[in-house]
Amino acid sequence: MKPFIPLLIIVVFFYSSCKEDKKEETPVKLDYHEIVEEALHDSTTLGLSDSANLLDKNFYDPAKDSISMYLDSLESILEKDSLMVKKMGVNDSGILATNTIIDSLPSNPKDSFSNNIKKINTDEVKALKYNLKQIRNSDSMTVAKNTCSQIQCRVWARINKTDQRLYLYIDGHIVDTFKVSTGDKKHETPLFNKRPSGPMFQKYTSKKYPGGNYNGLGNMPYVVFIHGGYGVHGTTKGNIPKLGKKASHGCVRVHPDNAKIFFELVKKAGIQNTWVTIEN
């Protein structure tokens, strides 16, 4: 019987290996209350100083204008900002050089950005590096195959144009609802039922063009692009009273706090596990 012992060991080894290969990664826990608390920690919405952003500018029409043109311009601006940061020696320690930091961009607790390059802080550099990576990956972005749709996905944003509401679902359960502004009569928001195409940007104020007024590209307030130039994004202070009414140029505006929550949620769940429905 002894010759069979090595054979038995080999069989057991391969059986164990197969079982290990079939193990799936544990899904990221999506605790909505935790995400909200993290996103809104020390929120300074009432003190927002940024007055312009790409998707709120009157000249931008997502139905006619190509988002790629704006992304190219934004990449150029961010590249210049990055070069300025490098010249300041901010990255010399290598603390900001790892992909881990870029891939897991934290929520900025105070949501504040300096227009003075000499006062740039760590969170701003992380946002800069994250945004640059998003743009560079946007042309070649491939989403892992996933058969989920709507309520089957980990995150589902169901936006109703009649109600002017975003109904937010996590793992099949509705957890919140936000007021939105979809397109006005001249700029109707299209109906969508799809996984967002990306990219995603956290708000970032350009050091080269303070206030984000260079083509409106300096300030990207927690935008998740759905398709082409259409996205779900936070709006500026002057547009907050319009939420609940059709008022945008085609995108889906939400309160900046809620945009930040949605952004953090999609980032944590993964864009491949997110679905957006825009319905009448």
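Two strands are taken to pair if DSSP finds at least two bridges between them, and helices (H or I, at least four residues) and strands (E, at least two) are DSSP runs numbered from the N terminus. The structure is a predicted model, in which local features need pLDDT of at least 70 and side-chain atom pairs count only at pLDDT 80 or more, while totals for chains, interfaces and linings use all residues. Residues are numbered from 1 along each chain as its sequence is written, and side-chain values use heavy atoms, with hydrogens and water left out.

On these terms, strand 2 and strand 3 (residues 173-181) run antiparallel and are joined by 6 bridges. Leu-168 stands opposite Asp-176 in strand 3. The hairpin of strand 2 and strand 3 has 2 residues between the strands, and Asp-171 takes a positive phi near 50° there. Strand 2 is also joined to strand 1 (residues 155-160) by 6 bridges, again in an antiparallel arrangement. Here the bridge partner of Leu-168 is Ala-157. The hairpin formed by strand 1 and strand 2 has 4 residues between them, with Gln-164 in the turn at a positive phi of about 55°.

Strand 1 pairs with strand 9 (residues 274-279) in the parallel sense over 6 bridges, and Trp-156 stands opposite Trp-275 of strand 9. The 9 strands form an open sheet of mixed pairing in the order 4-9-1-2-3-8-7-6-5. Strand 4 (192-194) and strand 5 (200-201) lie at the edges with a single partner strand each, so one side of each is left without a neighbour in the sheet.

The largest nonpolar core has 34 residues, of which Ile-159, Leu-166, Leu-168, Val-232 and Phe-262 touch the most other members. Such a core is a set of buried Ala, Val, Leu, Ile, Met, Phe, Trp, Tyr and Cys residues joined through side-chain atoms within 4.5 Å. A second, separate core of 22 residues includes Leu-54, Ile-67, Val-125 and Met-220. When residues up to four places away in sequence are not counted, the contacts of Ile-159 include Leu-166, Val-180, Val-232, Val-252 and Ile-278 (contact means heavy atoms within 4.5 Å).

Helix 6 is mostly covered, with 12 of its 14 residues buried; among them are Ile-261, Phe-262, Phe-263 and Leu-265, together with Asp-257, Lys-260 and Glu-264. The end C-alpha atoms of helix 6 are 20 Å apart, which agrees with the 20 Å that its 14 residues should span at 1.5 Å a residue; the expected span is 1.5 Å times one less than the number of residues. Gly-270, which follows helix 6, has a positive phi near 100°. For helix 5 (residues 122-138), the 17 residues should span 24 Å, and the end C-alpha atoms are 24 Å apart, in agreement. The buried residues of helix 5 include Val-125, Leu-128, Tyr-130 and Leu-132.

Overall, the secondary structure comes to 6 helices and 9 strands, and 46% of the 280 residues count as buried. Of the contacts with a separation of 6 or more, 74% are between residues 24 or more positions apart.

Key:
Buried means under 20% relative accessible area, exposed over 50%, partly exposed in between (1.4 Å probe, protein chains only).
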